[in-house]
Amino acid sequence: MTIDRRRFLGSAAVAAAGAALPLHAARAGRVLPAPFDDIERRTFNYFWERTNKANGLVPDRWPTPSFASIAAVGFGLTAWPLGVERGWITRKQARDLTLTTLRFFAGLPSGDAETGMAGHKGFFYHFLDMETGLRFRDTELSSVDSTLLFLGMLYAGAWFDGADPVETEIRRLATDIVERADWVWFQRGQPQISMGWHPGTGFIARNWDGYNEGMMVYILGLGATKHPLADGAWGAWTHSYSGFWRGSGSTRHLAFAPLFGHQYSQMWIDFRGIRDEPMRAAGFDYCENSRRATYANRAWCIANPMKWDSYSKDIWGLTACDGPTNAELPFRGETRTFFGYSARGPVDQPDGRDDGTLAPTAALGSLAFAPEICIPAGQAMHRFQNGRLYGRYGFLDAFNPSFRYDTKLDTGTVTKDGGWVAKDYLGIDQGAILGAIANYRNEGVWRVMRRSPTIRRGLTRAGFTGGWLSVPAG
C-alpha cells in the first residue's frame with residue numbers, strides 16, 4: 001500500500017489552507033480500504049447506543065456495568081457531529097443530545113463536600129454515577145479527564161455554528177462550562193498543574209510533567225479567559241522534557257511509552273506546521289513527534305525482545321488498556337508478570353511495560369500520523385483469529401495471544417490456542433479510534449478546532465508560531 005504522507009502531514013501550507021475553508025468543507029475526504037467504513041460506524045455506535053440519552057453520560061466501558069467517564073463524554077460530544085457528517089444520524093439528533101449533555105453538566109452540584117457533588121472549582125470528578133451525575137465512590141477531581149471533557153465541549157461549540165436558538169445555546173453553554181475551571185487553583189502557587197484533588201486530603205502530589213497527554217491540560221489552561229494559568233506554565237511543562245528524548249536522526253523524538261500520550265492532545269489540537277521553542281530547536285513539530293513515536297512502538301513489537309506470541313509488522317500496538325489479570329505466571333521457562341488494566345509501551349521508554357497485551361486503539365489511534373503502517377494493522381487485527389477481536393462496537397479493547405493459561409477470568413475469554421481477548425469496549429479507547437479516522441479522512445476534528453478561540457489563545461501563549469496560527473480564524 002502506497003500512501004503519500006506528505007499530502008496530509010507535510011507542510012504548514014496545507015494546514016493554513018485548511019484553516020481558511022468553510023467550517024463543514026471537504027467532507028468527502030480520503031477513501032479508506034475495507035473494513036474501515038464498518039470499523040468507523042461500529043465505533044461510532046458505541047457513543048450513540050450506549051449513551052444515557054436523558055443526561056448525555058457515556059459509560060466508561062460496556063458490557064460490564066459501569067459508571068460514566070467524563071473523558072468518554074468528551075469523546076462522545078465529538079463523536080455525535082462526526083456521525084452527522086457521515087450520514088449516520090441527523091443534525092437534529094446530534095444537536096438535541098449535545099444540548100441535553102451540556103445542560104446536565106451546567107446544572108450539576110459543585111463543592112468541596114465528599115459526597116453529593118459532581119465537581120469542584122469548575123472541574124469534574126473522573127467518574128460519575130450514570131444516572132445522577134454525582135461523584136462515583138472516591139474518585140479524584142481530575143485535571144486531565146476534565147480537559148478531555150472540555151475539549152469535547154469546545155468541539156461541539158465550534159461545530160454547531162447555526163443561528164437557531166438551540167445551537168446558540170450549545171455555544172453559550174460550552175463556553176460557560178469550560179470557563180468555570182479555576183486553573184490557578186489547580187496550580188496551587190506553582191507553575192505546574194497537579195494531576196488531581198480529593199476532598200479531605202487535597203491535591204495529588206504528582207504534577208503534569210515529563211512528556212505525555214498533559215500538554216492539552218496546559219494549552220487549555222493557558223487559553224482560558226476567566227481563571228487562566230499564569231505565565232510560565234508552558235515553560236515549566238517543556239522544561240521537564242529532559243530525559244524523555246529517545247533515538248537519533250530521523251528517529252529522535254520525545255518519548256512516552258503508551259501511545260495514548262501521543263494521541264489524545266492531538267486528536268483535537270492540530271500541531272502540524274506549528275512549533276513552540278523546543279520543537280523549533282528540534283527541527284520538527286509535535287505531529288511529526290507522534291509519527292516517530294508510533295514507528296518506535298511498532299519497531300519494539302517487531303523486534304519483540306520478550307518473545308511474546310503473534311507480534312509482527314502488522315500485529316502491534318502498546319498503550320493503556322485492559323489486560324488479562326494481575327499475576328506472575330510461567331512463560332517459556334521464565335516467570336512473567338501480567339497485568340489487568342495498565343499503561344503499556346516499549347520497556348526502553350518512560351513508563352514502559354510489556355506483558356504481551358496489545359490494543360487495537362494503539363495503532364488505530366495513530367492513523368492520522370502514520371496511515372501507511374496503521375491501516376495495514378487495522379486490517380490485520382480485523383482478520384486476526386477469524387475476527388475474534390471484532391464485534392458489535394468494532395474492536396474489543398485488548399488481546400494477549402501469549403496468555404493461554406487454564407483459568408477462568410472475568411476480564412475476557414481465554415483459549416489455549418488463541419490466548420486472551422478482552423470482553424469490554426472502553427469509551428476512551430473507542431474515541432481515539434474514531435477521532436483518528438476522522439482526522440485522516442477529512443481533518444474532521446482538526447479543521448473545526450482550529451477555529452476555537454480557546455485553543456488559539458492557549459497555543460499563542462505557549463509560544464507556538466507558524467502554520468495555521470498565522471491565518472485568521474474564519
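Arg450 is buried, with a relative accessibility of 2%; buried means under 20% relative accessible area, exposed over 50%, and partly exposed in between (1.4 Å probe, protein chains only). This is a predicted model, where local features need pLDDT of at least 70 and side-chain atom pairs count only at pLDDT 80 or more, while totals for chains, interfaces and linings use all residues. Residues are numbered from 1 along each chain as its sequence is written, and side-chain values use heavy atoms, leaving out hydrogens and water.

What does Arg450 form with Asp270? The two form a salt bridge, that is, a side-chain nitrogen of Lys or Arg within 4 Å of a carboxyl oxygen of Asp or Glu. Asp270 is buried too, at 1% relative accessible area. By this rule the model has 32 salt bridges, and three of them are set out here.

| Salt bridge | Closest N and O atoms |
|---|---|
| Arg450 and Asp270 | 2.7 Å |
| Asp309 and Arg404 | 3.7 Å |
| Arg180 and Asp176 | 3.1 Å |

Asp309 is buried at 14% relative accessibility, whereas Arg404 is partly exposed at 32%. Salt bridges with shared partners also join Arg91, Arg95, Asp161, Asp164 and Glu167 into one network.

Now to the strands. E11 (residues 327-331) and E12 (residues 334-338) pair in the antiparallel sense over five bridges; strands (E, at least two residues) are DSSP runs numbered from the N terminus, and two of them pair if DSSP finds at least two bridges between them. The hairpin they form has two residues between the strands, and Arg332 in the turn has a positive phi of about 50°. Pro330 stands opposite Thr335 in E12.

Key. Helix = DSSP H or I, 4+ residues; strand = E, 2+ residues; numbered from the N terminus.
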